[in-house]
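Thanks for coming. I will go through one structure today, starting with its aromatic rings.

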Amino acid sequence: ATPIAMFSMVGPEEAYPDWLYETASMEIVFQMKEKRDLFNTPNLTDIEPLTNEGYARLKEFLKGFGIELPPEDNRLQNSSVMFEIMRDAGYQMPIPFTGTPDEIGSSFHKSTMRFDTNSSEAHIDPIDFEPFYIKPEEAAVEDRTFSVEQLLAFGTALLPIQAKEMEWMRVFPLGAPLLMKVPTSNGSERIMAAADGGYNDATALPTLLQRKVRNIIMVTAHTPNLFSEITYLADPIIFLYLLMVHYFGIWDANSLDADSYVAALAYNNHVFDLFSNGENQLLKLLSDMASLNKAGNPMIATLKNLTTVDNPYYGTTGGETVDLTVIYVFGVPQKFAELVPPEVAPPPAGRNFTEYGFFTNEDLDLVPNVRYNIPRTETILDYNISLPDYALRPKAARMTQILCSWMVKEAWEGLEGADGEMKFGGFREMLGGDELAFGVLDDGNDKQSGSGRRGGMMHLQIISATVVGIVLMVIS
């Protein structure tokens, strides 16, 4: 098994963090909106999240705070238009990187990157970038050891993101940036800053496709900002749509925010043909998950033979086919809730055992999702500062562990939706063997060799993704 960490290059050391906050993605997003008519409008009229009851509840809630969701103006990516926009903007964006114990690098295409800032007094030279992969010790700055722990720290360096989203945090020093040496096409080296991989992607799907993985299991417990403790807004299909839409090349010209740290997701993550196999694959995924959820089952579904598209930012190749299985860990399936003894999660007086797909018990009310609210207040420099708390308490974490184990067991032989049709063929069919063999690949005569990025194909790779970091495990 090989751990892979995804992180982002966020400008030169001498421009950190000014370039990240003032410039990154700004010009690219501005040009996308200005040239929106050069992007086609996809047919999304039948996609459920845009009209369902949960979305209506969300809109009503936001109106109470004076927030009106804009009418959607969905557009389909156009690679040639996007290439011109990014080139003219000097590729001023976070750059996706990956690292393993054996190598660090990026497949981002050859380009000249600018770094314009208003705050920096000195001119910052551009970088002549080209794809590279080097040994971790070659990327180490000065005499620092580039350990696996440091690699994981790169992939979960969340503080710059929080300072981007919460401007009050910028009054405090962010501390020294995480640094690495990056070779350039002219033979020189530059010291560059690194931060959480969420600047470029929330699941690491593009990274796996670049490594020629052909059977991907994605476990996601994504928790968007608006969710927090307001569980009646937590419609799983809405948030699955928000998580997956960019991989199919769809972006909303009205809601795209240049000042958001996730802006890059809209313009560099197109990896699948929306109409693979002649069918709207995003609609298929959402429909299958909605049907499973209505039936009280775990939300697990496979999109077979997805066709990839060329993506020069991750180095993916178009025309290849992939099977993608999504294990969507969001809320508590009704069949699972029925197995939990009432005394384990007693509801508050006047409340049901579960509501809107979540336990009402205050110790378990967000199982299995990580909290994205701000429950703690600390005193720092005479200021009362609210600090994010991305964690489940021990009881909730244990319940989440039990739930996830149940999901795999329940889905072993397959899952039916509320319409009585099979939505997932089962892990036995996918992996072979009995339940005790889960996590061990036994593909008989169909085994393929190869170790990933440079040649060969990996048969299976599992992603575990949450709101605070990404860990990937290769089973080869």
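Ring pairs join Phe7, Tyr91, Phe97, Phe108, Phe129, Phe132, Phe154 and Tyr313 into a cluster. Rings of Phe, Tyr and Trp (its six-membered ring) pair if their centres lie within 6.5 Å; planes under 30 degrees apart count as stacked, over 60 as edge-to-face and the rest as tilted.

Before going on: this is a predicted model, where local features need pLDDT of at least 70, side-chain atom pairs count only at pLDDT 80 or more, and totals for chains, interfaces and linings use all residues. Residues are numbered from 1 along each chain as its sequence is written, and side-chain values use heavy atoms, leaving out hydrogens and water.

The whole structure has 18 aromatic pairs. In one of them, the ring centres of tryptophan 412 and phenylalanine 427 are 6.3 Å apart with planes at 40 degrees, so this pair is tilted. Phenylalanine 427 also pairs edge-to-face with phenylalanine 424, at 5.0 Å centre to centre and 70 degrees between the planes.

Next, helix 6, residues 148-155. Helices (H or I, at least four residues) and strands (E, at least two) are DSSP runs, numbered from the N terminus. Which residues of helix 6 are buried? They are Gln150, Leu151, Phe154 and Gly155. Seen down the axis, they fall within an arc of 145 degrees, taken from the directions from the helix axis to the C-beta atoms, so they line one face of helix 6.

Last, strand 10, residues 215-220, has five of its six residues buried.

Conventions. Buried < 20%, exposed > 50% of the residue type's maximum accessible area, 1.4 Å probe, protein only.
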